[in-house]
Amino acid sequence: MRVSDVLQSNRQTLQTCIPEESIASICTRLSALNIGAFPVCDARGALIGIISERDVVRAFAKDGARLADMHVRDLMTVEVKTCGLETPMVEAEKLMNKLRVRHLPVMDGGKLVGMLSIRDVMVWRQQEARDEVNVLRDAMIAVRNR
């Protein structure tokens with residue numbers, strides 16, 4: 001299975017933010033949308049970073065009340081690893097584990113097209129396990145009926 005298959009199955013709408021957006025604003029949006037991260041895009045829509053709940057929590061632990069005066073550009077990660085639509089899910093999962101990230105922007109020809117989350121990976125893995133159980137059950141039934 002490829003990343004494109006997972007993105008199609010969950011039918012998510014890509015949500016982004018801009019570097020000038022306030023931290024208060026993105027926190028409100030993250031909560032309202034029930035998501036954990038935003039890709040950060042410039043005025044042309046190009047991916048320039050990512051900001052996650054983890055970034056906000058770490059900044060709060062370090063800067064406390066000053067967080068209210070900060071913007072996405074102050075906290076975002078600028079060296080963002082991505083995957084493509086044709087990336088096998090196994091490879092995307094390995095990359096997320098290696099980088100210890102829970103969100104991976106998905107690119108197609110240099111254009112941001114989606115965001116793969118650790119939840120997407122878990123749902124995919126659960127389906128893989130169910131499929132394997134079904135194959136093994138069918139094989140066992142076939143052997144018994146010989």
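**View 1. Contacts and overall extent of the predicted model.** Among the contacts in the protein with a separation of 6 or more, 54% are accounted for by residues 24 or more positions apart, where contact means heavy atoms within 4.5 Å. This is a predicted model in which local features need pLDDT of at least 70 and side-chain atom pairs count only at pLDDT 80 or more, whereas totals for chains, interfaces and linings use all residues. Residues are numbered from 1 along each chain as its sequence is written, and side-chain values use heavy atoms, with hydrogens and water left out. The protein has six helices and five strands, these being DSSP runs numbered from the N terminus (helices H or I, at least four residues; strands E, at least two). From the N terminus on, the order of the elements is α-α-β-β-α-α-β-α-β-β-α. The radius of gyration is 19 Å, well over the 15 Å that the globule rule gives for 146 residues, so the protein is more spread out than a compact globule; the radius is taken over C-alpha atoms, and the rule is 2.2 Å times the number of residues to the power 0.38. Along its principal axes, the C-alpha trace spans about 70 × 35 × 25 Å.

**View 2. The largest nonpolar core and I51.** A nonpolar core is a set of buried Ala, Val, Leu, Ile, Met, Phe, Trp, Tyr and Cys residues joined through side-chain atoms within 4.5 Å, and buried means under 20% relative accessible area, exposed over 50% and partly exposed in between (1.4 Å probe, protein chains only). The largest such core has 14 residues, of which C17, I23, I26, I51, L67, V72 and L75 touch the most other members. At least two residues of this core come from each of α2 (23-33), β1 (37-41), α3 (53-63) and α4 (72-75), and the largest share, three residues, is supplied by α2. Leaving aside neighbours within four places in sequence, I51 is in contact with C17, I23, I26, G36, A37, F38, V40, V72, L75 and M76. Another core, of 12 residues, lies apart from this one and has V6, L7, C83 and V106 among its members. Over the whole protein, buried residues make up 35% of the 146 residues.

**View 3. H103 in strand β4.** H103 belongs to strand β4 (residues 103-108) and, with a relative accessible area of 17%, is buried. Not counting residues up to four places away in sequence, H103 touches G36, A37, I50, M96, M115, L116 and S117.

View 4. Although N34 is not a glycine, its phi is positive, at about 55 degrees. N34 is placed in the loop between α2 and β1, and its relative accessibility of 69% makes it count as exposed. R100, likewise a residue other than glycine, has a positive phi near 60 degrees. R100 is found in the loop between α5 (89-99) and β4, and it counts as exposed at 69% relative accessibility.

**View 5. M122 in helix α6 and its separation from Q8.** M122 lies in helix α6 (residues 118-144), where it counts as partly exposed at 48% relative accessibility. M122 and Q8 are 114 residues apart in sequence, and their C-alpha atoms are 16 Å apart in space.
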